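Dear colleague,

I am handing over the structure below, and after it I set out what was found. Please read the notes with the model open beside you.

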Amino acid sequence: MSDELDHALDAVGRRLRALRTKRDLTLTELSEATGISVSTLSRLESGARRPTLELLLPLARAHGVTLDELVDAPPTGDPRVHLRPTRMHGRTVVPLTRRPGGIQAYKMVIPAGSAAPEPEPRTHEGYEWLYVLNGRLRLVLGEHDLVLEPGEAAEFDTRVPHWFDRAGGEGVEFLSLFGKQGERMHVRARPTHGRGTGGTRDRD
């Protein structure tokens with residue numbers, strides 16, 4: 001299965017180029033629509049750069065396709081449900097919405113590891129909402145370094161430098177809703193001890 005997923009990820013560049021060509025878009029125009037640099041887009045299309053979730057989300061939205069259609073991952077799981085989870089850079093992503101456009105919902109699972117990863121904040125067009133189901137999620141957002149516990153949520157403009165992953169060595173399971181600018185979910189968990197915003201709290 002890992003070989004099939006690797007092959008699917010390797011083919012993303014060709015699909016990205018085909019989608020852009022079909023829509024008669026230049027790299028500059030796509031860059032303006034997604035917030036991703038022209039050089040990064042060019043490297044993605046040529047296969048010189050491996051796709052990440054942070055890059056594929058705004059690209060799927062800009063092209064009007066779902067994430068699983070863009071990745072074209074092999075189907076797995078219950079055929080009656082037709083979920084097509086993908087595994088990208090150690091995390092499993094399960095698309096919960098099937099339509100292009102509008103708010104896209106995903107369930108994400110990051111397994112436990114020996115050491116917490118180092119933050120690599122990035123920016124792109126869009127608005128994101130996170131809700132933790134199990135485990136603890138670390139969110140670096142601008143100057144804030146936050147930890148979300150089960151039942152807590154955060155929403156933010158993705159043009160602000162951001163990064164999220166498991167907090168510590170334990171795994172984490174959470175929901176992610178991603179939409180364009182202005183599509184806000186307006187759902188917040190209750191602040192813990194008056195700290196943080198939107199149910200988040202500063203990392204201890």
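Arg-138 forms a salt bridge with Asp-145, and their closest N and O atoms are 2.7 Å apart; a salt bridge here is a side-chain nitrogen of Lys or Arg within 4 Å of a carboxyl oxygen of Asp or Glu. Arg-138 counts as buried at 10% relative accessibility, while Asp-145, at 24%, counts as partly exposed (buried is under 20% relative accessible area, exposed over 50%, and partly exposed in between, with a 1.4 Å probe and protein chains only).

Before going further, the conventions: this is a predicted model, in which local features need pLDDT of at least 70 and side-chain atom pairs count only at pLDDT 80 or more, whereas totals for chains, interfaces and linings use all residues. Residues are numbered from 1 along each chain as its sequence is written, and side-chain values use heavy atoms, with hydrogens and water left out.

On confidence, the mean pLDDT of the protein chain is 77, and 75% of its residues reach 70 or more, pLDDT being the predictor's confidence in each residue, from 0 to 100. Two stretches call for care: over residues 75-82 pLDDT stays under 50, and the model has 6 contacts beyond four places in sequence for them, while over residues 185-201 pLDDT also stays under 50, with 38 such contacts (a contact means heavy atoms within 4.5 Å). Where pLDDT is low, the predicted coordinates should not be read in detail.

Returning to the charged pairs, the structure holds 8 salt bridges. One of them joins the side chains of Arg-91 and Asp-165, at 3.0 Å from N to O, and this pair links distant parts of the chain, since Arg-91 lies in strand β2 (residues 91-95) and Asp-165 in strand β8 (residues 162-166), 74 residues apart. Helices (H or I, at least four residues) and strands (E, at least two) are DSSP runs, numbered from the N terminus. Both partners are buried, Arg-91 with a relative accessible area of 9% and Asp-165 with 11%.

Another salt bridge brings together the side chains of Asp-157 and Arg-159, at 2.8 Å from N to O; Asp-157 counts as buried at 16% relative accessibility, and Arg-159 as partly exposed at 45%. Elsewhere, salt bridges that share partners join Arg-17, Arg-20 and Glu-45 into one network.

Glu-45 sits in helix α4 (residues 38-46) and is buried, with a relative accessible area of 6%. Leaving aside residues up to four places away in sequence, Glu-45 touches Gly-13, Arg-14, Leu-16, Arg-17, Arg-20 and Leu-27. The buried residues of α4 are Thr-40, Leu-41, Leu-44 and Glu-45; seen down the helix axis they fall within an arc of 135 degrees, so they line one face of α4, the arc being that of the directions from the helix axis to the C-beta atoms. Their cover includes α2 (12-22), α3 (27-34) and α5 (53-63). After α4 comes Gly-47, whose phi is positive, near 85 degrees.

Finally, 5 of the 5 residues of strand β7 (residues 153-157) are buried, so this strand is largely enclosed by the rest of the structure. Ala-153, Glu-155 and Asp-157 point one way from β7, and Ala-154 and Phe-156 the other way. Strand β4 (residues 127-134) runs antiparallel to β7 and is joined to it by 5 bridges (two strands pair if DSSP finds at least two bridges between them), and Ala-153 in β7 is the bridge partner of Tyr-131.

With best regards
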